[in-house]
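Work through the exercises below with the model open. Try each task before reading its solution.

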Amino acid sequence: MDAPLPPRGRYLIRDAYVITLDAERGDLPHGDVLVEDGEIVAVGEGLSSPGSEVLDGTGRILAPGLVDTHTHLWNGLLRGVIEQEPGRTYFEVKRRVARHYAPEESYVAARLGLADALMSGTTTVCDWDHNARSPEDVDAKLRAHRDSGMRTRYAYGNPDNHPRDEVMDLADVARVQREWLGTRDDGRLSLCVAVRGPARTERDILSAEWAFARDRGLPITLHLGGRRDDAARYADLMQMHRDGLLGPDVQVVHAVDVTDEEIAMLAATGTSVCLSPLTEYEGMGIPRITELLDAGVLVSLSVDTLAAPLSASLLAVMGTALTIERGRPRGKAMTARRMLELATIDGARDLGLDHLIGTITPGKRADLILVNRADLNMVPCADPLPVLVLCAQPANVDTVLVDGRVLKRNGVLTAVDPNELAAAATRALAAVLDRADWHQFALPALAEADA
Ligand SMILES: [Zn+2]
């Protein structure tokens, strides 16, 4: 399934329509970007660099790589299992299969989700793991992150259905921080703690988990939990604020059903909000994006789960979320540029990576995407930015660099064989379903991978 990661080359991307998202640089209709050893070293027009490999930007948009701030990668195998039928809703499926994942299946699921994200121009993914089954399972996922070549954050959580009165495996979170960060990875991995929060665990457990994370300087993320009327799952934000649980080190996922008072508090405390519009529309409501942004809350975008089923495309998230936001009275003036910022620089801020990625700026790492603007679904492309946000498909994403490595070139992934990965994912789901004694699905027979 694996190909070795390509080397970090010396690239001159020439004559692209460059959307830098850097306030000082703006858009360059005929821009060049020079990349050396994983770093953006120059942005301008008419650059020359003898000896660099030229990547032709003619007819292409060059933009910062997209940042997905919350996806449960282990869910990737479940694409097609979920449906609105008894026994097949998301939470029923999750409960039935989660405990049957062995590390091999967790590895393949993570590779699948990361490769699918890469296809559509996502270069950074936060893997929000609410099925961290064992140290071996966690290591398998982190190997998948490393082998993918992508930039990742691992949000270390609990195994599915962990008892409310038991603390998470904090010793193993500490082990991962010690053993992986800066050593087993090459600077592309970061770590945070994925807690259950007050709706799903006891107060003393929650206090221990919060204190651990803050002692070690690890950011915290939690799910707010769907709709306010779902009391068993919904965390009370104002009570969390009174308890000192919020702040700039905390990301709240799915803050959909928020009041004006809560929005003001999130802004005042610097707590960030991660939205997954495509799954939120299905069961939680329509997020108040404009109200959050107008109040000054940091908002980022995410895919959440491929199980929905969804593709891992943040292009789809941006386009749909912008369309629906403009259908709300408060949101009708939202621009495509603001939506693209949520999926790039604001996502980078949310993950604490904005010093490294999120804009095309000399000194930052080279996480870049080249998108064909001459394809039929993109032309005539008078103003490339709204066309990118509202029309682009994964197939338009021609080239993707992560940390200066070309991981997609001419539309083809370079560090993984897609056919072998598809076959491995299908076999992995078959193994999980078999252990769960679930024999309802006729999975396609895909070619066996070479041993
Ligand atoms: Zn989630």
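Helices (H or I, at least four residues) and strands (E, at least two) are DSSP runs, numbered from the N terminus. The expected span of a helix is 1.5 Å times one less than its number of residues. The model is predicted: local features need pLDDT of at least 70, side-chain atom pairs count only at pLDDT 80 or more, and totals for chains, interfaces and linings use all residues. Numbering runs from 1 along each chain as its sequence is written, and side-chain values use heavy atoms, with hydrogens and water left out.

**Exercise 1. Helix 4**

Compare the span of helix 4 with its expected value, then find its bend and its packing partners.

Solution. 
- Step 1: Take residues 170-184. These 15 residues reach 20 Å from first C-alpha to last, close to the expected 21 Å.
- Step 2: Locate the bend, the angle between axes fitted to the seven residues ending at a residue and the seven starting there. Helix 4 bends by about 25° at Gln177.
- Step 3: List the buried residues. Buried means under 20% relative accessible area, exposed over 50%, partly exposed in between (1.4 Å probe, protein chains only). Gln177 itself is buried, and so are Leu170, Asp172, Val173, Ala174, Arg175, Val176 and Trp180.
- Step 4: Find what they pack against, with contact meaning heavy atoms within 4.5 Å. The partners are helix 3 (135-148), strand 8 (151-156), strand 9 (189-194) and helix 5 (203-215).

**Exercise 2. The zinc site**

Which residues coordinate the zinc ion, and how are they spaced along the chain?

Solution. 
- Step 1: Collect the donors: N, O and S atoms within 2.8 Å of the metal (3.2 Å for Na, K and Ca); water is not among the atoms, so sites may look incomplete. His70, His72 and His223 each give NE2, and Asp304 gives OD, at 2.0 to 2.7 Å.
- Step 2: Read the spacing. It is H-x1-H-x150-H-x80-D.
- Step 3: His72 lies in the loop between strand 6 (66-71) and helix 1 (90-97), while His223 lies in strand 10 (residues 220-223), 151 residues away; the pair links distant parts of the chain. Both His72 and His223 are buried.
- Step 4: Classify the geometry. Four donors count as tetrahedral if all angles lie between 85 and 135 degrees; four count as square planar and six as octahedral if opposite donors are over 155 degrees apart and all others between 65 and 115; anything else is irregular. Angles among the 4 donor atoms run from 84 to 167°, and the zinc site is irregular.

**Exercise 3. Backbone exceptions**

Solution. 
- Step 1: Recall the background. Most residues other than glycine have a negative phi, and most peptide bonds are trans.
- Step 2: Pro309 sits in the loop between strand 13 (299-301) and helix 10 (314-325). Pro380 is in the loop between strand 14 (368-372) and helix 13 (384-391).
- Step 3: Cys381 counts as buried because its relative accessibility is 3%. Asp437 counts as exposed because its value is 55%.
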